[in-house]
Amino acid sequence: MTTHRAALTVSHDTSVVTSPVTSCAAMADDEHPAVTNFRTYLQINTAQPCPDYGEALMFFEAMAAEIGLEYRVVHLVAGKSVAILSLPGQQPDLPSIMLYSHIDVVPVYPEHWKYPPFSAYKDENGDIYARGSQDMKCVGIQYLEAVRSLMQQGIQLQRTVHIVFGPDEEIGAKEGMELFVEHEEFKKLNTGFALDEGLASPTDVFRVFYSQRCVWWFSVTFTGQPGHGSAFIEDTAVSKLNKLMNRTLKFRAEQEAKLKADPSLTLGDVTTLNINILKGGVQYNVVPAEMTAGFDMRVPPTANLEQLEAEIKSWCQEAGAEYTLEWTQQGEDQDMTSTEDSNVWWSAFSKACQALNLKIKKEIFPAGSDGRYLRKLGIPVLGFSPMINTPVLLHDHNEYLNEQVFLNGIRVYEKIISSLANVIEVEN
């Protein structure tokens, strides 16, 4: 098939390229080529804090050439770029469909894995073990293979489809999607609707996410009276921090109880809070003058953000007057994509699922994803990863995905993508 090239082609930053990748390198004579491509992508180590984006870009370029897609790279900052693989539609002036996935994955602890986490080892059951197998390299390859299949079948799409791979989602996307949505090349995409990541489902019901919780990362530092470790020192930084931690853990327990008491609620409907960082102290026999705790809060879009922030400050003040509250992230994204039938995008998505006899459940995404930057611009986004009867293992040891679940996801995306890309009339 002829390889198309976009009008704008930006050269790769060769400083971050390590070695070439061949997407079609066979791993087994009888393995489905899409599975081989999936495993090849998994073998590229894009774990934070030093993801190999250069090799990933080479892989995407090879896939674009193999399938016959337009390809370009948009450089954001040194070593961090967005790859765009495009299939022009029959009516290219219509707003396009973006199929988005992030390239980076979270760190690993190899000693806790059954197999090397970037080996993409496939066991006798067809389970493929690798970091990123669920979050979310599977989705990126499923997009590509679904579009390949549509092209091979000769199915015409009215809208242009852009398969977009972005960096740094796992660390907040400050040098990823946050910059990209301000870039002229993003604006040229003329995005009308986007798909983003979802989660695996342990049951036979596919989960569809129409919004997400805000990410709130903050630290609180208390100062107090230092002294010798052998004495009863009053008004210490540790005692103040302990009061705050007890109060936040009480709030956490209240939210957990709320979730367990109402079967209709999912994790995305409540606020979670975890104390993930503790810092302070100099040596065993010195009472520290300063102690810090770092908190990870995930806030549903239905919450009153001003009220919650005031509550956090009141906890700090109750624990001790001398404190510093610092925010690493304080998301204010409360946008929700309509799941009413009057929304033509939801209608197209849900009808595609109905045609495949899929069971779906609408939820609020419990974590953060790059889709929030698109919703903030008014672009409707649905989070969806077609993985059913699969344990949720994102960010966990021994993350895996079964090859048949992966292949079935391609067929699901074929129907969904063709349905979305053939939406013509959009009501304002």
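Analyst: Let's start with an idea. On a 1 Å grid over the protein atoms alone, a cavity is a set of points where a 1.4 Å probe fits but cannot get out (lining residues have an atom within 4 Å of a point). A volume is the space filled by probe spheres set on the points, with grid points joined across faces, edges and corners. This model is predicted, so local features need pLDDT of at least 70 and side-chain atom pairs pLDDT 80 or more, while totals for chains, interfaces and linings use all residues. Residues are numbered from 1 along each chain as its sequence is written, and side-chain values use heavy atoms, with hydrogens and water left out.

User: How many cavities of 30 Å³ or more are there?

Analyst: There are three cavities of 30 Å³ or more. The largest cavity holds about 40 Å³ of space.

User: Which residues line the largest cavity?

Analyst: Look for Gln134 and Asp135, then the run Glu197, Gly198, Leu199 and Ala200, and finally Met387, Val392 and Leu394. To sort them, count Ala, Val, Leu, Ile, Met, Phe, Trp, Tyr, Cys and Pro as nonpolar, Asp, Glu, Lys and Arg as charged, and the others, Gly among them, as polar. That gives this lining five nonpolar, two polar and two charged residues.

User: Now for pockets. How much space lies in the largest pocket?

Analyst: A pocket is an open set of points with protein on both sides within 12 Å along at least five of seven lines. Here the largest pocket contains about 1100 Å³ of space. Its lining is made up of 43 residues, and those closest to its centre are Asp296, Arg298, Ala367, Gly368 and His395. By class, the lining of the largest pocket has 18 nonpolar, 13 polar and 12 charged residues.

User: Which strand gives the most to that lining?

Analyst: Strands (E, at least two residues) and helices (H or I, at least four) are DSSP runs, numbered from the N terminus. In the largest pocket, β13 gives the most, with six residues. At least two lining residues each come from β8 (205-212), β9 (214-223), β11 (272-280), β13 (290-299), β14 (323-330) and β15 (359-365).

User: Why does the largest pocket lie between domain 1 and domain 2?

Analyst: Domain bounds come from an automatic or database domain assignment. The largest pocket lies between domain 1 (33-212 + 336-421) and domain 2 (214-300 + 302-329) because both give residues to its lining.

User: What lies nearest the centre of the second largest pocket?

Analyst: Lys174, Glu178, Asp333, Tyr373 and Lys376 lie nearest its centre, out of 18 lining residues. The second largest pocket has about 350 Å³ of space, and its lining has five nonpolar, four polar and nine charged residues. Helix α9 (371-376) is one of the elements that supply at least two residues each, along with β9 and β14. With three residues, α9 gives the most to this lining. The second largest pocket also receives lining residues from both domain 1 and domain 2, so it lies between them.
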